Amino acid sequence: MTIIDARVRLPQDCRPGRAYSAPARQTEQYDRVLDLTSKMNNGTLGGLLSTMDDQGITHAVMHAESEGGEDAEALNDGLEEVLAEHGDRFRGIGCLDLGSRSPTRLAVQTARIAERGMLGVSLQPAFFGLDIDDRALYPMYARAEELGLVVCVHTGITYSRMHPLRHERAELLDQVACDFPDLALVACHAGWPWAAEYAAVARRHPTVHLEFGGLAPKYVARPGTGWDVLFGMMPNLLREQILYGSDWPVMEPRRALAEWRDSGLGEAVLSALFGDNAARVFGFSAA
């Protein structure tokens, strides 16, 4: 069975500054819940490649993310270097300087990401106090749709205590999907605690995919955790719109893959989740 990780982070040793940093009030709960800072600082490109080989992961989609004000162009430079050396293993998702809130600048950066040969853009609107459907983002969405880029949007809970959850609601992504009907959208982290609402958005829009990076699959599969509706639709109505992602180094692929295999999903569903859908969305060979 082909395994494609739809979400790994740009390793820290490929980022400017070489040490992960973000505002303390933003990271404090991330560190308590996910040990984020330590995992980021210990994540290396060599370690990622070794993990992929060990777990039979043929390819991965690498995201350059700016959560704490890191310069987007510098992150994209780091990602471009990884793609130049390991383009046989990775596809790239670039990032934008959302802190600028300049619609024109964001559209220009989006075009530049396409020129670099990357497949899409990664957005974390909530970390910058923006709704997913903020009007400042619309020229970027329009340019991405025009250029055939995939837009990967952070959805659902964040552990930042600086930014309210309301920025992440499902109806905001639904509005974008309505306004840009040909734009490929990935709801990163699949939108919990609005899992049922995000399932409805995906059901309404074939252009929307749900990616499970950074999550423990055993909880997705456990009744009563708030995932019930979405998990119940994975084997049938949403089979072609689900993507396995680890969010490495936040979640170890070994754990995530094992928990998905123990979730009760059938082989055909796991095949779609692990690789078939990602091959189609991101242009990998599923063979």
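Helices here are DSSP runs of H or I with at least four residues, strands are runs of E with at least two, and both are numbered from the N terminus. Axes are lines fitted to C-alpha atoms, for helices over the stretch in contact, with angles from 0 to 180 degrees between N-to-C directions. A word on the source: this is a predicted model, where local features need pLDDT of at least 70 and side-chain atom pairs count only at pLDDT 80 or more, while totals for chains, interfaces and linings use all residues. Residues are numbered from 1 along each chain as its sequence is written, and side-chain values use heavy atoms, leaving out hydrogens and water.

Now for α7's neighbour. Helix α8 (residues 195-204) packs against α7 at an angle of about 10°, with the axes 9 Å apart. That makes the two helices roughly parallel, a label for angles under 35 degrees. On the α7 side the contact (heavy atoms within 4.5 Å) is made by Ala-170, Leu-173, Asp-174 and Cys-178, and on the α8 side by Glu-197, Tyr-198, Val-201 and Arg-204.

Two strands pair if DSSP finds at least two bridges between them. Strand β5 (residues 150-154) is joined to β6 (residues 184-188) by 5 bridges, and Val-151 has Leu-185 as its bridge partner in β6.

Next, take a look at β3 (residues 90-95). This strand is largely enclosed by the rest of the structure, because 5 of its 6 residues are buried, meaning under 20% relative accessible area (1.4 Å probe, protein chains only). Strand β2 (residues 59-63) pairs with β3 in the parallel sense over 4 bridges, and Met-62 stands opposite Gly-92. Another 3 bridges join β3 to β4 (residues 120-123), with Gly-94 opposite Val-121.

Met-162 is partly exposed, with a relative accessible area of 41%, the in-between class from 20% to 50%. Leaving aside neighbours within four places in sequence, Met-162 is in contact with Pro-23, Arg-25 and Gln-26.

How values were computed. Parallel < 35°, antiparallel > 145°, perpendicular 65-115°, else oblique.
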